[in-house]
Amino acid sequence: RDCNVTYISSLGYGGLRTGWDISDSLLTVNTNNSQQSHNHMDQNSIQLAFNGSWLLSDTGYKDNAMTSQTYYQMQYTNTTIFVDGKPQVRKGQGTLSQVFNTHLYGYLLGSAPDAYGMEDKQAVLNKFDRHMIMINHDSQPYYIIIDDLDSNKDRNFGWNFYTNGWDRLEIDGVNVEEGKSGTGNHVTIARFGCTLHAHFVGGKITSKESFYSGYGPTLTVESEKSK
């Protein structure tokens with residue numbers, strides 16, 4: 001508790017916490033190299049909580065009724081990257097490291113390109129580094145996430161947000177109706193009286209919601225094709 005970064009390298013778990021009160025924010029990440037059967041295809045997946053409520057979450061492999069795991073739970077209900085609309089195909093393959101840990105800033109780095117497997121005898125991704133930075137400002141703390149991606153050819157990269165639902169979804173301040181998509185740079189997700197503002201720099205991105213076998217909705221944000 002001396003600082004606000006939790007980092008367990010042996011398990012591949014990390015957390016960036018603005019403080020220890022109920023009103024504080026917490027971002028967690030999972031990046032590990034276990035290929036055991038219990039592991040998930042969720043490398044560099046994050047979860048985010050405000051005021052004690054999870055705005056970005058994860059279904060895990062089982063719900064509260066202890067029903068059997070499904071293909072969608074294992075591959076689609078994580079807050080990580082999709083490549084050409086496809087989730088990760090290999091378990092583990094990731095590493096997590098702590099860059100620094102102070103009262104003002106926290107910085108974790110996850111790397112997991114191999115989780116996306118091979119295509120035509122080449123790696124789908126040469127690089128998937130997720131830089132997670134916490135700016136622990138006294139009155140308005142915030143997080144910066146930089147995803148450094150590289151592939152041998154142009155691909156559609158999608159940022160998947162598993163929210164388990166929302167009360168309001170806006171793109172650049174315009175309400176997005178259920179089942180519709182929107183284009184812009186500022187994504188607003190409101191739930192439980194809390195609001196998540198995600199700002200995407202650069203060209204405009206397209207957001208769309210998806211349902212997977214009863215789980216969701218999830219929000220997928222896609223950029224134009226790029227290497």
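Modeller: Gladly, and please keep in mind that this is a predicted model. I would start with the largest pocket, where β12 provides the largest share of the lining, namely 7 residues.

Colleague: Which other strands supply at least two residues of that lining?

Modeller: Besides β12, the strands that each supply at least two residues are β3 (25-30), β4, β13 and β18 (194-199).

Colleague: How many residues line the largest pocket, and which lie nearest its centre?

Modeller: The lining is made up of 42 residues, and those nearest the centre are Y143, I144, I145, A198 and H199.

Colleague: And what volume does the largest pocket have?

Modeller: The volume comes out at about 1,200 Å³.

Colleague: Let's change topic to charges. How many salt bridges are there in the whole structure?

Modeller: A search of the whole structure gives 7 salt bridges. One of them joins R155 to D84, with the closest N and O atoms 2.9 Å apart. That pair links distant parts of the chain, since R155 sits in the loop between β12 (142-150) and β13 (157-162), while D84 sits in the loop between β6 (81-83) and β7 (95-101), 71 residues apart.

Colleague: Is R155 buried or exposed? And where does D84 fall on that scale?

Modeller: R155 is buried, at a relative accessible area of 4%, whereas D84 is partly exposed, at 31%.

Colleague: Which residues are linked with them in a network of salt bridges?

Modeller: The network links D84, E119, K153 and R155. Within it, the side chains of K153 and E119 form a salt bridge at 3.1 Å, N to O. Because K153 lies in the loop between β12 and β13 and E119 lies in strand β9 (residues 118-119), this pair ties together parts that are 34 residues apart in sequence.

Colleague: What are the accessibilities of K153 and E119?

Modeller: K153 has a relative accessibility of 38%, which makes it partly exposed, and E119 is also partly exposed, with 26%.

Colleague: Why does D147 count as buried?

Modeller: D147 has a relative accessibility of 19%, and buried means under 20%, so D147 falls on the buried side of that cut-off. R130 is buried too, with a relative accessible area of 3%.

Colleague: Last topic, the surface. Which residues make the nonpolar patch?

Modeller: V99, F100, L104 and Y105 make a nonpolar surface patch of about 370 Å². Among them, F100 lies in strand β7 and is partly exposed, with a relative accessible area of 34%.

How values were computed. Residues numbered from 1 in each chain as written. Predicted model: local features only at pLDDT ≥ 70, side-chain atom pairs only at ≥ 80, totals over all residues. Heavy atoms only, no water. Salt bridge = Lys/Arg side-chain N within 4 Å of Asp/Glu carboxyl O. Helix = DSSP H or I, 4+ residues; strand = E, 2+ residues; numbered from the N terminus. Buried < 20%, exposed > 50% of the residue type's maximum accessible area, 1.4 Å probe, protein only. Patch = residues over 30% accessible without salt bridge, like charges linked within 9 Å, V, L, I, M, F, W, Y side chains within 5 Å. Areas by Shrake-Rupley, 256 points an atom, 1.4 Å probe, with all protein chains shown as cover. 1 Å grid on protein atoms, 1.4 Å probe; cavity = no way out; pocket = protein on both sides within 12 Å on 5 of 7 lines; lining within 4 Å. Points joined across faces, edges and corners; volume = space filled by probe spheres on them.
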